[in-house]
Amino acid sequence: MSSSIDAVIVTSQSDNLALSVNGISWHVDDVAILADISFSLNKKQMLGVIGPNGAGKSSLLRCLYRYITPTQGQIRLFDQDISQFKGKAFATQVAVVQQDTPQFFDMNTSQLVAMGLTPHKGMFDGHTAADNQLINDAIQKVGLTDKAFLQYSQLSGGEKQRALIARAIVQRPKLLILDEPTNHLDIRYQIQILELVKSLGITVIASIHDLNLASAMCDTLVLLNKGRLVSQGTPSAVLTEAQIGKVFEVCCEVKPHPQHAKPLVNYFYGYMSHSLSQSPFQPSPKAEQDSSLCDSEVQR
Amino acid sequence: MSPVKDQYRYRLFLCLLSLFAALSPIAAASFGAANISFHDVIQAIGQHLSWQDNAQSSGITERIVFELRFPRIVLAFVAGAGLALAGSVLQTVTCNPLADPYLFGISSGASFGAVLVFSFLSSGLFNLTQGTAMSLGQLEWWSWQNLLLPIGAFAGASLSVLLVLSLSGLGRSSQIERMLLSGVATSFLFGSLTSLLLYFSSPQATASVLFWSLGSFAKANWTGVILPSVIVLGSLAIIVVFKRQIVALQAGDETAHTLGVNVAKLRLNMLLLCSLITAVLVASCGGIGFVGLMIPHCVRLLFPGRQPMIVTAIVGGLFMVWIDVVARCILGNQELPVGIITAAIGSVFFLFILRYRR
């Protein structure tokens, strides 16, 4: 009796699971870029990957969209090992928005968005009216209708980002991965892009630099440092003063946000260790001193 | 530009292009050493099609048109189309606006392979000592003697592609300059090897190879036209079928990968396809540079973002047909190798791109 109830609970859990990452590591020439990372993500949730520069955020995302193969460990997408997917089948499940596109890129917005159809099309399939509808809807959703026939290179940073998201919408994925989607954007576009992505109602993984943005937008967070997983869970569990101080080596206080009560990080200035000769990942004794000073300062 | 207007312009261009393409062979056939008018050409076609055997005076005209000029026009068209296509695909799959079979060293690799085979042939190793490479055309087009030269050229071209790839290290972004330099280095390497071969061969062979390497359609005949036509048409079909994937490569390796494209495999296959086209064309009409650079750029300027492969091929073909007409007529009683003309136009065009590239 009890075992059948267990079974029901287990299936309902795995049914709700979009992604599970089990102990992945990635080594380049014996240097561990990622070491033993495990986490899981439920369907239709938004996961933020945070951490300092060089923490392995992009590498982790690349493992997730199979651009690199982990040296160890397994990644399961909808309870299926991602290495088992065929290239096209995987691309119908997972769409990716990257930071940069090549300089030589001869396309207008509409054509760029149409690229999202690639995994859905066989060799001899043409453009149908339904495809055009899909493309136009996606462009409208990201608010670029009046720029649909402008060259991609002529769009502004925020518009480029939105065009790439429209391409991902046309790709109709179940999981959307964004590598620093808010980079180089002003705060209006940062919020706009992430709210747009959230409104799609699919599972999303995004690496985000701005901790407050990550806190406000994401359901769960994964904090990386030096290729290791430092902490994971809800924003309030991950974004603590101690953990931010340790990983980013800054002084801060964390308060509930006045609007949504998720953590709001305020930074204190003038407490950095300025010795750049030391590796930024090795906290110097001075920084330790500073951060304790910072604590007392905050308490005062 | 609004989409409707753009569409309208594109259709108008297609109509004009097909009209021009239909008239070009007839018009181009009326230029050359023998004085044959546009009217004579149409008459000769009429005679040929209706199998009339009444002509005495125009019999020679018909022979000139059908046995000398038409094969030549077809070969020029196929060569131009093939090179433009190869250039367009190379530019897209390497994300490099300056890619071209000539600049990438593919042409010189193919030349080296062809010259190597040719010098073996003329040294009597294969017991085939007659004349130039082109005179092999008396045999059926699929006979091994006729295929030796293209196969040698393809081996050389593939070698140069692999060399450029390993020198420039594909996969890293922004390697445009790296790749161009690797292409130039490869080009020089194979150029010097070709020169070395020529240095040790007979003066007669050297002269004919030199003339051939400048690019000419003068020795075109119906047998020799078959292989290039089959290869270029086949490649065009493959490229059209894989167009979606090829265009996705333009967005960069990682993006193409996330769109379900097997990047490494597709790129290698497309580079080999380009070297096949180039090799067959080099084997049948010598080294003709810059067409693969110029034509895709012009088409792209006219129709940004469309990547119209078939249009690119047709424009390239027509361009070459008319360049060949210029080559036939510019010096009155003497022909100029087409390679000289395309290189002259192309070098100016190359500087133009470098100057105005975004």
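**Exercise 1. A buried arginine**

Task: find which residues A:Arg162 touches, leaving out residues up to four places away in sequence.

Solution. 
- Step 1. List the contacts. A:Arg162 touches A:Val142, A:Gly143, A:Leu144, A:Tyr189, A:Gln192 and A:Ile193. The model is predicted.
- Step 2. A:Arg162 belongs to helix H6 of chain A, residues 157–170.
- Step 3. Along the chain, A:Gly143 and A:Arg162 are 19 residues apart. Their C-alpha atoms are separated by 8.1 Å.
- Step 4. The relative accessible area of A:Arg162 is 8%. Buried means under 20%, so A:Arg162 is buried.

**Exercise 2. Charges over rings**

Task: state how far the charged end of A:Lys160 is from the ring centre of A:Tyr152.

Solution. 
- Step 1. Start with the lysine. The charged end of A:Lys160 sits over the A:Tyr152 ring, 5.6 Å from the centre.
- Step 2. Link back to the previous exercise. A:Tyr189 is also among the residues that A:Arg162 touches.

**Exercise 3. A threonine in a strand**

Task: decide whether A:Thr220 is buried or exposed, and name its contacts beyond four places in sequence.

Solution. 
- Step 1. Locate the residue. A:Thr220 is in strand S9 of chain A, which covers residues 220–225.
- Step 2. Compare with the cut-off. Its relative accessible area is 18%, and buried means under 20%. A:Thr220 is therefore buried.
- Step 3. Name the partners. A:Thr220 is in contact with A:Leu41, A:Gln45, A:Met46, A:Leu47, A:Gly48, A:Gly233 and A:Thr234.

**Exercise 4. Positive phi**

Task: describe the setting of A:Asp36 and of B:Phe290, given that each has a positive phi.

Solution. 
- Step 1. Recall the background. Most residues other than glycine have a negative phi.
- Step 2. Take A:Asp36. Its phi is near 50°. A:Asp36 is in strand S2 of chain A, residues 31–42. Its relative accessibility is 54%, so it counts as exposed.
- Step 3. Take B:Phe290. Its phi is about 75°. B:Phe290 is found in the loop between helix H11 (263–285) and helix H12 (291–302) of chain B. At 11% relative accessibility, B:Phe290 counts as buried.

**Exercise 5. Chain B as a whole**

Task: say how many helices and strands chain B has, and what share of its residues is buried.

Solution. 
- Step 1. Count the elements. Chain B has 14 helices and zero strands.
- Step 2. Check the burial. Of the 358 residues in chain B, 54% are buried.
- Step 3. Look at contacts between residues at least 6 apart in sequence. In chain B, 77% of these join residues at least 24 apart.

**Exercise 6. Aromatic pairs**

Task: classify the pair B:Phe66 and B:Phe70, then the pair B:Phe349 and B:Phe352.

Solution. 
- Step 1. Get the total. Over all chains there are ten aromatic pairs.
- Step 2. Take B:Phe66 and B:Phe70. Their ring centres are 5.1 Å apart, with 80° between the planes. Over 60 counts as edge-to-face, and this pair is edge-to-face.
- Step 3. B:Phe66 and B:Phe70 lie four residues apart in H3(B), about one turn of the helix. Both are buried.
- Step 4. Take B:Phe349 and B:Phe352. This pair is tilted, at 6.0 Å centre to centre and 40° between the planes. Both lie in helix H14 of chain B, three residues apart.
- Step 5. B:Phe349 is buried at 14%, whereas B:Phe352 is partly exposed at 40%.
- Step 6. B:Tyr10, B:Phe13 and B:Phe303 form one aromatic cluster.

Definitions and conventions
Residues numbered from 1 in each chain as written. Chains lettered and ligands numbered in written order. Predicted model: local features only at pLDDT ≥ 70, side-chain atom pairs only at ≥ 80, totals over all residues. Heavy atoms only, no water. Phe/Tyr/Trp six-rings, centres within 6.5 Å; stacked < 30°, edge-to-face > 60°. Helix = DSSP H or I, 4+ residues; strand = E, 2+ residues; numbered from the N terminus. Buried < 20%, exposed > 50% of the residue type's maximum accessible area, 1.4 Å probe, protein only. Lys NZ or Arg CZ within 6 Å of the ring centre and 35° of its normal. Contact = heavy atoms within 4.5 Å.
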